Amino acid sequence: MTATVVAWILLLAIAAYAGGGGVDYGAGFWDLLAGGAERGRRPRRLIDHAMAPVWEVNNVWLIFVFVVMWTGFPVFFQTVFTALWLPLALAAVGMVLRGAGFALRKPTKRLAERRIYGAVFAVSSLLTPFFLGAAVGGVASGRVAPGTTASADAWANTTSIMAGLLAVAVTAFLGAVFLTVDARRFGAHDLVGYFRLRARIAAAGLVVLGVIGLTVTDPHAGYVHHGLTHGAGLALGIVAAVALAATVWLVAGPAAGWARYTSVAVVVLLVGAWGFAQRPYLVPTSLTVQQAAGASAPLQWMLIVAAVSLVLIGPALVVLYRLDTHGVLEPLTDEDVAG
């Protein structure tokens, strides 16, 4: 019972990182596609202001995921990082380069250097979620099992590639929705339409990739495919589709602020659908939650630590996100929003 509870905590932490970190990766995705220095100047300024207060904080969820994995499920941790070390290492390198590019671009005065740092930040914002998604796809496909050695087949397969593309699409969707609301809040009215169009495009891409993904998972990840098309997995997927449609509708109207909540709900529901589709396995169909669980004492301590973290850190993060989304931490200047 303890192992099952910790497994659900792990899934919730993954959903939190996908929702919080996904917004930042999505902002970087649109930074990549913003165009040249003059054309992309104002979208990039909005992206800088939107990300600056919280982009490092979102990595707290990723650290929490790793701690729960190696403490609560050491066999699972060993299995994943042995078979999938290459995409995970590439994702880690991307996170470092992305952070360095973002931190160094803003204070740099020379245009050539700003372009270099900006390119590093933007390209890493695309590649990092792709490789993280590919690793998830490798686990879901069943190609990763205890004793599996590292190979391209573990993550460079159809299911993994589709999972990577879906991860990129999800982050692009989240980033566009949040930037649309930020543009409205800061009075950059032309950027509202700019990012609203991109939110709709990303939503359409997410639907297309989701349909294709369900198709390709049938022969390559039969267990997860069955879970996604039956029972709780299917129900959560349908609710996610409704939340996606609601987001597209809300982001175009006066109540666009609510689109933030529905867009995050899309991600959380999709992660939940994946978790229900995969249960009771951590690695279908070779490693169950009970088989991967560590000793009972560390698991019990993990529950205590998770409860304490929720009480001490949770409210602080909620306040931080609320202050950021209300423009209190770093408001735009007149120069930023001027045409």
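**Charge, fold and local geometry**

Modeller: This is a predicted model. The protein chain carries 21 positive and 15 negative side chains, and the centres of the two sets are 4 Å apart.

Biologist: How many helices and strands does the protein chain have?

Modeller: There are 15 helices and two strands in the protein chain. Its radius of gyration is 20 Å, close to the 20 Å that the globule rule gives for 339 residues, so the chain is as compact as a globular protein of that length.

Biologist: And what box do the C-alpha atoms fill?

Modeller: Taken along the principal axes, the box is roughly 60 × 35 × 35 Å.

Biologist: What percentage of the residues is buried?

Modeller: Buried residues account for 47% of the 339 in the protein chain. The chain exposes about 15300 Å², of which carbon and sulfur atoms supply 72%. As for contacts between residues at least 6 apart in sequence, 79% join residues at least 24 apart.

Biologist: Which residues of H2 are buried?

Modeller: They are Arg42, Pro43, Arg44, Leu46, Ile47, Asp48, His49, Ala50 and Met51.

Biologist: Arginine 260 also interests me. Where is arginine 260 found, in which helix?

Modeller: Arginine 260 is found in helix H11, which spans residues 257–278. Its relative accessible area is 10%, so arginine 260 counts as buried, the cut-off being under 20%. Arginine 260 and valine 177 are 83 residues apart in sequence, and their C-alpha atoms are 6.5 Å apart in space.

Biologist: Is glycine 205 buried, partly exposed or exposed?

Modeller: Glycine 205 is partly exposed, with a relative accessible area of 26%. This glycine lies in helix H8, residues 189–220.

Biologist: What about leucine 234: which residues is it in contact with, leaving aside neighbours within four places in sequence?

Modeller: Leucine 234 is in contact with Gly227, Leu228 and Thr229. Leucine 234 has its place in helix H10, residues 231–250, and is partly exposed, at a relative accessible area of 36%. Leucine 234 and arginine 185 are 49 residues apart in sequence and 36 Å apart in space, C-alpha to C-alpha.

Biologist: Turning to H6, how far does the helix reach from its first C-alpha to its last?

Modeller: Helix H6, residues 111–140, has 30 residues and reaches 44 Å, close to the 44 Å expected at 1.5 Å a residue. Just after H6, glycine 142 adopts a positive phi of about 85°.

Biologist: Now the backbone. Which peptide bonds are cis?

Modeller: One of them runs from arginine 279 to proline 280, with omega near 0°. Another joins proline 284 and threonine 285, where omega is about -15°. Most peptide bonds are trans.

Biologist: Where do proline 280 and threonine 285 lie?

Modeller: Proline 280 lies in the loop between H11 and strand S1, residues 281–283. Threonine 285 is placed in the loop between S1 and strand S2, residues 287–288.

Note on methods. Residues are numbered from 1 along each chain as its sequence is written. This is a predicted model: local features need pLDDT of at least 70, side-chain atom pairs count only at pLDDT 80 or more; totals for chains, interfaces and linings use all residues. Side-chain values use heavy atoms; hydrogens and water are left out. Helices (H or I, at least four residues) and strands (E, at least two) are DSSP runs, numbered from the N terminus. The expected span of a helix is 1.5 Å times one less than its number of residues. The radius of gyration is taken over C-alpha atoms; the globule rule is 2.2 Å times the number of residues to the power 0.38. Buried means under 20% relative accessible area, exposed over 50%, partly exposed in between (1.4 Å probe, protein chains only). Contact means heavy atoms within 4.5 Å. Accessible areas come from the Shrake-Rupley method with a 1.4 Å probe; for residues, only the protein chains shown count as cover. Lys and Arg count as positive and Asp and Glu as negative; His and the chain ends are not counted. The place of a charge is taken as NZ of Lys, CZ of Arg, CG of Asp or CD of Glu.
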